[in-house]
Amino acid sequence: MGASNEDMKHKKKNNIYRREFIELSVKSAVGASLISLPILSEIGCGTTADKTIHGVCYHDCPDRCSWTVTVRNGKVEKFEASKDNPYTAGKLCDKMVNFPNDVTYHPDRILTPLKRTGLKGSGEFEPVSWEQAIKEVAARLTTIIEQDGGEAVLPYSFGGNQGLVQSDSIAGRFFAHIGASQLERTICGNPTVAGIMATNGQTTGVLPEDIIHSRFILLWGTNPVNSNQHLWLMIEEARKRGARLVVIDPFQSQTALKADWHIQPLPGTDTALALGLMHVIFKEQLQDQDYIDNYTTGANEMKAHLQKYDVETVSRWTGLESETIIQLAKSYAQGKPSLIRVLVGLEHQTNGGSAFRAIAMLPALTGAWRQLGGGLMNMTYELFGAALNWDSLNLPAALANPKTRMINMIQLGKALNDETLKPAIRALVIFNSNPVVTTPNQNLVKRGLSRENLLTVVLEHFMTDTASYADYVFPATTVLENWDLLDSWGSTYLNINEPAIEPLGEAKTNTGFFRILSKEMGFKDDYLFESDIDIIQKTLDSDHEYLKGITFKSLKKNGWARLNLPKTWMPHAVGNFNTPSGKCNLYNAEIDPPMPEYVPFKYSDEDLKSFPFQLLTLKSPRHFLNSSKGNVSHLRKKEGKPFLDMHAVDAAGKDINDGDEIKIFNQRGAVFLTARISQKVRKGVVCMPHGYWPSLMKGGSSANALTDDLLTDMGRGGAIQEARVDVVKV
Ligand code: SF4
């Protein structure tokens with residue numbers, strides 16, 4: 001495949017969809033004349049009644065399930081997974097199956113604008129009108145921009161809603177228009193992408209559906225039983241057909257429990273393990289020399305480099321038996337077709353990008369790419385990157401390539417508290433995100449959000465721990481109340497989301513909020529006022545072959561469509577890497593260092609002495625997605641109380657018994673949990689779940705109170721697994 005830069009650019013058609021657009025604009029509450037509508041009519045979506053419409057899950061999840069909603073008398077009567085979408089296969093996960101009641105109709109949902117009346121973080125607010133709230137926010141933003149420039153304003157958003165329209169589009173245009181600081185959105189996925197790109201020039205390898213052809217499946221840093229449930233169904237099918245399943249994970253996840261072989265290295269040693277496997281492959285002459293000769297660069301340099309990654313050394317670093325490393329290398333090289341499914345679990349370490357870079361080399365060494373179901377499976381977003389018309393979705397030409405400063409989202413706490421930052425961040429606009437829960441260094445984030453001289457505006461469904469620090473909270477629509485278009489980073493399906501019902505209360509779309517704010521601030525540029533439907537139509541306005549036969553009309557009729565991809569997808573069977581040479585880079589002179597190196601966690605002697613345990617914070621909850629649903633009581637009940645998993649030897653050393661209440665702490669914070677003594681972690685490692693809301697936990701802190709805001713070696717992601725803690729019984 002290997003979408004070229006040229007492919008990535010959309011080619012405009014001049015007249016398609018015109019008829020459909022007119023038809024829909026008439027039916028919709030929003031048309032091209034939206035700018036002239038009064039504020040309370042600015043709902044940004046159309047609705048349907050007494051019929052069944054199509055929608056799609058907005059979560060940051062690779063599965064991107066489709067659903068249908070039956071509406072009767074303006075209310076959702078039935079909400080069910082799409083049965084005819086082969087990927088969704090009639091099944092939504094536990095997080096979403098009860099979505100209308102869990103979120104849209106939840107009694108705690110915020111349905112009017114709120115203005116703060118108490119201290120920041122107290123959650124004390126009073127309802128105010130949209131007119132008043134928008135007027136006041138617009139006035140304060142205007143003053144800040146006049147005094148300190150647009151860079152004093154920072155947007156903060158991420159995957160709380162992955163709809164292309166509600167996550168960026170008008171919002172991105174608004175912030176570029178005012179010259180706001182740019183948010184470096186790297187909290188998830190960037191080291192993965194940077195590492196694999198350095199080797200292969202692209203991340204899209206084996207497609208999810210082709211895993212059924214694999215006969216040796218190596219899941220590395222991913223837990224599909226919890227977080228990629230529809231891929232898991234296909235893995236089970238592959239196993240029925242004879243595949244062997246191996247999991248590499250420092251934690252004994254639900255997936256690891258079901259695997260044929262669970263390999264449990266010490267956290268942060270993935271780069272060493274990948275290089276150690278390569279060492280064995282060469283030493284045992286298990287490589288596909290013909291593939292290496294024809295389709296890779298730098299094999300000789302790499303062979304020399306691997307001398308220092310001998311099995312004994314790698315065994316010492318990873319904590320794995322030498323024999324385990326040798327057997328894994330042999331099984332991988334000899335299992336045909338052999339597939340590595342690697343996801344973001346292992347990117348959260350300062351050596352994270354290098355780990356992906358090294359892992360991505362393995363299929364080239366063994367020639368695994370030559371077979372259907374063999375190679376590397378990672379993300380699929382590049383397919384949509386090539387197919388859709390992104391120029392029309394996000395920044396218009398007038399705003400392209402903004403030159404304003406970047407603030408890394410992982411270091412929000414630092415940025416808000418940095419007295420040397422010029423200009424200081426004076427306004428923060430948060431949407432699709434709950435940084436008090438999801439951002440490292442939680443107490444520093446809270447301290448920053450507590451600043452009285454910071455204007456914080458939050459668009460939300462619920463009074464989250466972040467919203468409780470806001471000056472103004474605006475009620476946002478849920479996915480059942482707005483239009484959107486959703487690509488996928490884990491599947492090959494494009495989906496449209498049609499609003500099923502009118503927005504409840506005074507909720508408005510994210511796009512609607514930014515249009516109203518733009519109007520109030522006196523902006524006139526058309527790109528700030530484009531309707532959601534218009535944006536979707538233009539985004540689909542592409543003649544790329546992957547979109548052949550997929551139109552706004554067809555999506556509206558069916559809800560989803562698989563991209564029109566070649567029947568057989570074997571991207572690197574004969575090379576064709578998306579690198580300048582067209583070959584897989586075992587050596588890449590453009591990157592320093594030119595070959596991946598294992599760099600151990602760097603803790604000070606004092607840290608090692610004061611905090612004897614390595615902490616893992618994992619997305620292990622089955623009923624929350626990051627912080628989403630963390631407030632829904634029946635899901636919290638199903639999830640149960642959060643545990644700290646400890647090895648029996650470590651627990652004994654601290655006089656801790658299974659079920660004891662304990663405090664986990666380090667220099668950044670403290671969290672109270674219940675001890676669970678098990679084989680889930682190795683000696684010296686403790687593990688706790690991510691996603692619980694601090695305000696709903698004893699002591700008011702959750703996992704990110706303990707994590708650091710270090711950045712990774714590639715992709716500037718968050719090295720959140722690089723943290724040490726101590727544990728005491730309370
Ligand atoms: S969270 Fe994932 S598995 Fe669950 S419904 Fe959404 S897309 Fe499907």
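The model is predicted, so local features need pLDDT of at least 70 and side-chain atom pairs count only at pLDDT 80 or more, while totals for chains, interfaces and linings use all residues. Residues are numbered from 1 along each chain as its sequence is written, and side-chain values use heavy atoms, with hydrogens and water left out.

Side chains of opposite charge can pair when their charged atoms come close. Here a salt bridge is taken to be a side-chain nitrogen of Lys or Arg within 4 Å of a carboxyl oxygen of Asp or Glu. That rule gives 26 salt bridges. One of them joins Arg241 to Glu237, with N to O at 2.8 Å. Burial is judged by relative accessible area (buried under 20%, exposed over 50%, partly exposed in between, using a 1.4 Å probe and protein chains only). On that scale Arg241 is partly exposed at 41%, and Glu237 is partly exposed at 27%.

Some pairs reach across the chain. Helices (H or I, at least four residues) and strands (E, at least two) are DSSP runs, numbered from the N terminus. Glu498 and Lys556 form a salt bridge at 3.6 Å, N to O. This pair links distant parts of the chain, 58 residues apart: Glu498 sits in the loop between strand S19 (493-497) and helix H23 (510-520), and Lys556 in helix H25 (residues 552-558). Glu498 is buried, at 7% relative accessibility, whereas Lys556 is partly exposed at 23%.

Asp726 pairs up with Lys654 in another salt bridge, their closest N and O atoms being 2.8 Å apart. These two also link distant parts of the chain, 72 residues apart, with Asp726 in strand S27 (residues 724-729) and Lys654 in the loop between helix H28 (648-653) and strand S24 (661-665). Asp726 is buried at 10%, while Lys654 is partly exposed at 28%. Salt bridges can also join up into a network, as with Arg116, Lys120, Glu452 and Asp471.

Now for the helices. The axes of H6 (residues 169-178) and H23 come within 8 Å and cross at roughly 30 degrees; axes are lines fitted to C-alpha atoms, for helices over the stretch in contact, and angles run from 0 to 180 degrees between N-to-C directions. Contact (heavy atoms within 4.5 Å) involves Ser169, Ile170, Ala171, Phe174 and Phe175 of H6, and Thr511, Phe514, Arg515, Leu517 and Ser518 of H23.
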